[in-house]
Amino acid sequence: MSIAEMTRTHFSAPDGTNQSVIAWVEEIAALTQPDEVVWCNGSPEEADELAELMIEAGTLTRLNDEYRPHSFLARSDPSDVARVESRTFICSVNESDAGPSNNWAAPAEMRTTLDGLFEGAMRGRRLYVVPFSMGPLGSPLAKIGVQVTDSPYVVMSMGIMTRMGTAVLQSIDDSTEWVRAIHSVGAPLAAGDTDVPWPCNQTKYISHFPETREIWSFGSAYGGNAILAKKSFALRIASVIARDEGWLAEHMLLLKLTNPRGRVFHIAAAFPSACGKTNLAMLKPTIPGWKAETIGDDIAWLGKGADGRLRAINPEAGFFGVAPGTGIATNETAMDTIWGNTVFTNVALKDNGDVWWEGMTDEVPEHLIDWQGNDWTPESGTPSSHPNSRFTVAAAQCPTIADEWESPQGVVIDAIIFGGRRATNVPLVVEARDWEHGVYLGATISSERTAAAEGTIGELRRDPFAMMPFCGYNMADHWAHWLSVGQNLRSSGTVPRIFQVNWFRKGADGSFLWPGFGENSRVLEWILERVDGQVAAQESALGLLPREGDLNIDGLDLDENVMEQLFAIDTESWLAEAASTEEFFATFDGRVPAAVTRQLEQLKARLTS
Ligand code: GTP
Ligand code: MN
Ligand code: MN
């Protein structure tokens, strides 16, 4: 069978496909004019056929089965390596609903622009129909979407990151609300044109229509711009659905922890991109008697359960993790997860046909092919892997995945944690006084820029709730929504405690003060002892801090005064930070909830008292 013959059995919609899906696919196909329409069934055979197609096209390189079975390396176009926030739009009917932190365009105008771009955009290519479920199929918390795309790389990624295939399609009936996601790399082929390994377009649009629950993405095949189930649906569109329905869609990891007394806790933690979620989700505790199990590493959907408690699911089925810095010493669990069946994007290729990236091993290979396909040696003076290179792998392959990771009802959340990458000011850990103070801590997260999106690395930027690039509506309304979720929980049950952490504070010499990674279990221990009512705390201007000696640092080799530096509160800098927060709040046109501005006033009062 020739490659062109493959998947030919799927050229028509499977029996039982709802007419609404068929009509929509026909409409998009009429606009984009693909050569063929392929209905994806989600089978392993289909994924293998796609891999063969991509190897032939030069998109994928098969890795050496001996070291990395059934795994592939993709090299993107050098211009298509990260999320493009400047080209990401929230096209709500009212501009004020998008808020000052999102790019906005009027829906009708954007539709005209997109119609022009998508017209004939898939000529010479296949349109793949990818039905997917976010959350276990049939869970009351799950949501359905259908993505059409002309990128086999995106189909393969969606197959790993979501529950994808015919069963999902057949679950759609006339009453199902499903999200429509349209994606094209924006590189049509005329007859006789030869394709490039990573087609894309310099013009990019990642557009969201919150009212009609639609996503249109053009010009990029990079994960965050093109795997539309993830940031576009599970955060931007889902956050709007969640606002309307009274729950939360957040940029959070989910982790199960069991303490030495056998008590089980679940925590949800929001850190900006490339600030340690995947690492914490796969934590190996260094303190005796603690057990950590993974539930999710990037996105959580949270809401009040039938028992009145805050419950959460991981809507995804895979991990799209940052490769550089992932190694046996930092994240052994991730290394064990990606033993095989993994797609790597923009990492380096070793001479033995396996992959490598900065931080994977202490020993640096003498020769590599770098992420752009060039010869590389340690003398090259450039990183061998792109700083935002990624691995894509099924969550089920994670050795520490918790039994309840697919629980349809979700897990009970005992503590919520906010964090960021802050070289100065923010202490290792602070406990919020109450839910309102916790919402203030979330609203005022700022973090140093990383390679996960375009921009100047290291520059401090505001990233409230780690949702700045991902909230599908006005950020200030998001804070109001959090306040109302807290009120709703309080009315009937228990409200989880909220904490702030910072693993990234630096000393005078510029190196990290806190060892981080597995040692972060010590901070989680204090947090959960607080939740369990086992330990007191001391007041500070910023919130509740561990009392001297309560944070377990037994056996840690810390320099003198490190703990003082990790918890130091400099009044001058904090007053400056408060002034900058005031300016930030002023950009929201009076929409910041009074309970949040009140927290700022109280902080200033505490700092000056
Ligand atoms: P996204 O997947 O983009 O949302 O990012 P993420 O939050 O999952 O970040 P990830 O866990 O991949 O970590 C990003 C970088 O931070 C990696 O280079 C890690 O090695 C580094 N990192 C993670 N945890 C720690 C820590 O505790 N201390 C220090 N110093 N670095 C850390
Ligand atoms: Mn993320
Ligand atoms: Mn991650």
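This report walks through a manganese site, a pocket, a cavity and some individual residues of the structure above.

The model is predicted, so local features need pLDDT of at least 70 and side-chain atom pairs count only at pLDDT 80 or more, while totals for chains, interfaces and linings use all residues. Residues are numbered from 1 along each chain as its sequence is written, chains are lettered from A and ligands numbered from 1 in the order in which they are written, and side-chain values use heavy atoms, with hydrogens and water left out.

## The manganese site

Let us start with a metal. Which residues hold the protein donors of the manganese ion (ligand 2)? They are Lys 231 (NZ), His 251 (NE2) and Asp 298 (OD), lying 2.2 Å from the ion. Donors here are N, O and S atoms within 2.8 Å of the metal (3.2 Å for Na, K and Ca), and sites may look incomplete because water is not among the atoms. Along the sequence, the donor residues follow the spacing K-x19-H-x46-D. Lys 231 sits in helix α8 (residues 229-245) and His 251 in the loop between β12 (248-250) and β13 (252-258), so this pair, 20 residues apart, links distant parts of the chain. Helices (H or I, at least four residues) and strands (E, at least two) are DSSP runs, numbered from the N terminus. The manganese ion (ligand 3) is 5.1 Å from the manganese ion (ligand 2).

Are the residues around here buried or exposed? Buried means under 20% relative accessible area, exposed over 50%, and partly exposed in between (1.4 Å probe, protein chains only). The table gives the values for several residues in this report.

| Residue | Relative accessible area | Class |
|---|---|---|
| Lys 230 | 4% | buried |
| Lys 231 | 6% | buried |
| His 251 | 1% | buried |
| Leu 254 | 0% | buried |
| Ser 273 | 12% | buried |
| Ser 380 | 35% | partly exposed |
| Ser 389 | 0% | buried |

Lys 230 also lies in helix α8. Not counting residues up to four places away in sequence, Lys 230 touches Met 161, Leu 235, Asp 298, Ile 299, Glu 316 and Phe 320; contact means heavy atoms within 4.5 Å. Asp 298, in that list, is one of the manganese donors.

Leu 254 belongs to strand β13. Beyond its neighbours within four places in sequence, Leu 254 has contacts that include Ile 267, Ala 268, Thr 294 and Ile 413.

## The largest pocket and the annotated residues

The largest pocket holds about 920 Å³ of space. On a 1 Å grid over the protein atoms alone, a pocket is an open set of points with protein on both sides within 12 Å along at least five of seven lines, a cavity is a set of points where a 1.4 Å probe fits but cannot get out, and lining residues have an atom within 4 Å of a point. Grid points are joined across faces, edges and corners, and a volume is the space filled by probe spheres set on the points.

The pocket has 45 lining residues, and Ala 274, Cys 275, Gly 276, Asn 279 and Arg 421 lie nearest its centre. Which element supplies the largest share of this lining? It is α9, with four residues.

An unreviewed UniProt entry annotates Arg 83, Tyr 222, Gly 223, Gly 224, Ser 273, Asn 388, Ser 389 and Arg 390 as "binding site". Of these, Arg 83, Tyr 222, Gly 224, Ser 273, Asn 388 and Arg 390 are included in the lining of the largest pocket. UniProt positions are given in the numbering used here, feature names are shortened, and annotations may be inferred rather than shown by experiment.

Ser 273 is placed in the loop between β14 (264-270) and α9 (277-281). Its side chain makes a polar contact of 3.1 Å with that of Arg 83; such a contact is a pair of N or O atoms within 3.5 Å, where within protein one must be able to donate a hydrogen and the other to accept it, and residues adjacent in sequence count only if both atoms are side-chain atoms.

Ser 389 is in the loop between β23 (375-376) and β24 (390-394), and its contacts outside four places in sequence include Gly 321, Pro 324 and Asn 346. Ser 380 is found in the loop between β23 and β24. The C-alpha atoms of Ser 380 and Pro 399, 19 residues apart along the chain, are separated by 36 Å.

## The cavities

The structure has two cavities of 30 Å³ or more. About 220 Å³ of space lies in the largest cavity, whose 20 lining residues include Tyr 440, Leu 441, Thr 444, Gln 500 and Trp 574 nearest its centre. Two or more lining residues come from each of α11 (435-443), α15 (571-586) and α16 (594-608), and α15 gives the most, with four residues.
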